2 protein chains.
Amino acid sequence: MAFLALTGGIGGAKLGLGLARILDPGALGFVVNTGDDFEHLGLHISPDMDTLTYTLAGISNTATGWGRRDETWRFMAALEALGGETWFRLGDADMALHHSRTEMLKAGASLTEATRTLSAKLGLAYAILPMSDDPVRTLVHTADGPLAFQHYFVRDRCRPQVTGFEFAGAEAASPCPDLLALLPVCEGVVVCPSNPFVSIDPILAVPGLKTALKACGAPIVAVSPIVGGASIKGPTAKMMRELGVPSTAAQVAEHYRGFIDGLILDAQDAGLHGTLGLPTRVEPSVMASLADRERLAGAALDFIKELRGG
Amino acid sequence: MAFLALTGGIGGAKLGLGLARILDPGALGFVVNTGDDFEHLGLHISPDMDTLTYTLAGISNTATGWGRRDETWRFMAALEALGGETWFRLGDADMALHHSRTEMLKAGASLTEATRTLSAKLGLAYAILPMSDDPVRTLVHTADGPLAFQHYFVRDRCRPQVTGFEFAGAEAASPCPDLLALLPVCEGVVVCPSNPFVSIDPILAVPGLKTALKACGAPIVAVSPIVGGASIKGPTAKMMRELGVPSTAAQVAEHYRGFIDGLILDAQDAGLHGTLGLPTRVEPSVMASLADRERLAGAALDFIKELRGG
């Protein structure tokens, strides 16, 4: 009786919002990448969880794609004057979420529990689940050496040339228990159009998670984050080029082969339909408006229904 | 070639500013109460250091007596919405100081070093010294049981009836090394009109500090925080009543007897002049204007000079 969405930050959260608008809270759970999480200024920052949470709560900053709307930056300005680290921008109101989460974790709560408490305070009833309560940290291997994800992504603005990825701690991590508890009632899984390498792969790197998703028998459909050879947002296409693979939706299918049961291609990639050796469906997948988000979400659910033989 | 001022927060910082305006930075050091310090929201908060620092830097909030001027409260509002603890008000810009200090302490800096770095960033060249780099925590014993200082002072607004004080950790604390290094050139010590029980006594409770101050031979003069039987600011008089001692400047003399070499009385207490068994000087000591602060600071230095036989 439930659908699960695997998601990273901004791109995934867009489709997540579409799903949230057409499904009851009890019928939708999110499995969120926490490979981006990091400790900064003593705070546990969970960028993908935050982007999703703010998006679902209707308080996200749609201009930046991260943080809160109507944000102020007094803390950052004062920190800069004191010589502090300001490459990672923390808004005055945004800080409250990081502080609250950090305090709960310090008091012994799991990340799942802290997220549940915080999202409830923001009026959200969806299951928003970290991929794991254990720390997994994405390292981006680059021509300049390994970089912690936020250093690569935010501080260095994705400029270093990528040579590979590592999910430090993954081998010792367990899937979020609440996720495993949802699988028996799972009707379908949507892999949001997030970055396959640094948003979805960290989720799938948690031992047992991928197997459990497959074992539950629900169809797994992905929405290609590559449209017409380019990323809608973020460094996906750049990473593919640097890794020496084609930056195409076909390559996305290749990347997820064996895991997904179907792939949604954008209309620009309609030519690939029927050529990828797995079920595909062609849908406009660039989500500019709220209606676009809802339509694509509906198409993903419909595709799942079709794959279930409904 | 240097004067030292022992101080707590608001009342002491007023006289501190007066001293700072008439002495060169190299000729003035502050020994600040850190018994009020506490960990809150993962931050090391040092209220008396902050009040003094902001006051000297000209960015204090003179309306509240704590925090920064032109402050905003977005963090607090967002924290409240998330169900966080908001009884201790942290302004958006103020947060930057707490975060910076906390990060430096975590990285292994002493409180003295962190304070030096932060005050330099704020353009201050005075030696602003914590009484100790070791944790000392003032506990207020009350009819309702023991309370951490900020719980008594801020959360409970000084309402519980005081029965005594405890400076937890003092027995294991050492005086700030930079303070000890200044003593050979110390010409005089000013005990600011701070609360004797919870601002000055914690300083004097650090083993060896009081003895070292006395041993340096410089005159020690206090400015009475009690004027005409009342406190200028804060709970000093209320505490004295609850402790069953007269809330008078004479009792302040009694409290400091054996430590101070002279006491400055307000004009309202001129009748006590010559009656206290120690040198006294009568000065207007209610500091409303900046000129008042400078005048009282000048009087304190003049009194020291007089006691030195200059």
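**Stop one: where the two chains meet**

Colour the chains separately and look between them: 23 residues of chain B are in contact with 23 residues of chain A. Here, contact means that the C-beta atoms of two residues, placed from the backbone, lie within 7 Å. Before going on, note that this is a predicted model, where local features need pLDDT of at least 70, side-chain atom pairs count only at pLDDT 80 or more, and totals for chains, interfaces and linings use all residues. Residues are numbered from 1 along each chain as its sequence is written, while chains are lettered from A and ligands numbered from 1 in the order in which they are written.

Now select helix H3 (74-81), helix H4 (94-106) and helix H5 (111-121) of chain B, the elements that give two or more residues to the side touching chain A. Helices (H or I, at least four residues) and strands (E, at least two) are DSSP runs, numbered from the N terminus. Which of them gives the most to the side of chain B that touches chain A? That is H4(B), with eight residues. By class, this side of chain B has eleven nonpolar, seven polar and five charged residues. For these classes, Ala, Val, Leu, Ile, Met, Phe, Trp, Tyr, Cys and Pro count as nonpolar, Asp, Glu, Lys and Arg as charged, and the others, Gly among them, as polar.

**Stop two: the axis between the copies**

The same surface serves both, as 100% of the contact residues of chain B recur in chain A.

Show chain B as a cartoon and follow seven strands in the order E5-E2-E1-E9-E10-E13-E14, an open sheet with parallel pairing. Two strands pair if DSSP finds at least two bridges between them. Strand E5 (127-130) and E14 of chain B stand at the edges, each with a single partner strand, so one side of each has no neighbour in the sheet. From one strand to the next, the twist averages 20°.

Next, select strand E1 (residues 2-7) and strand E9 (residues 186-191) of chain B, which run parallel and are joined by five bridges. Ala5(B) has Val190(B) of E9(B) as its bridge partner.

Is strand E13 (residues 262-265) of chain B covered on one face or both? Both: Gly262(B) and Ile264(B) on one side and Leu263(B) and Leu265(B) on the other are all buried. A residue is buried if 20 or more other C-beta atoms lie within 10 Å of its own, exposed if 12 or fewer, and partly exposed in between, with C-beta atoms placed from the backbone. Three bridges join E13(B) to strand E10 (residues 220-223) of chain B, where Ala222(B) partners Leu263(B). Three bridges also join E13(B) to strand E14 (residues 280-282) of chain B, with Val282(B) as the partner of Leu265(B).

Select helix H8 (residues 196-204) of chain B: seven of its nine residues are buried, so the helix is largely enclosed by the rest of the structure. Among the buried ones are Val198(B), Ile200(B) and Ile203(B).

Move to Asp134(B), in the loop between E5 and strand E6 (137-142) of chain B. Asp134(B) counts as partly exposed because it has 17 C-beta neighbours inside 10 Å. Leaving out residues up to four places away in sequence, Asp134(B) touches Gly169(B), Ala172(B), Ala173(B) and Ser174(B).

Finish at Leu41(A), in the loop between strand E3 (38-40) and strand E4 (43-45) of chain A. Leu41(A) has a positive phi of about 50° although it is not a glycine. Most residues other than glycine have a negative phi. Leu41(A) counts as buried, with 25 C-beta neighbours inside 10 Å.

Technical notes:
Axes are lines fitted to C-alpha atoms, for helices over the stretch in contact, and angles run from 0 to 180 degrees between N-to-C directions.
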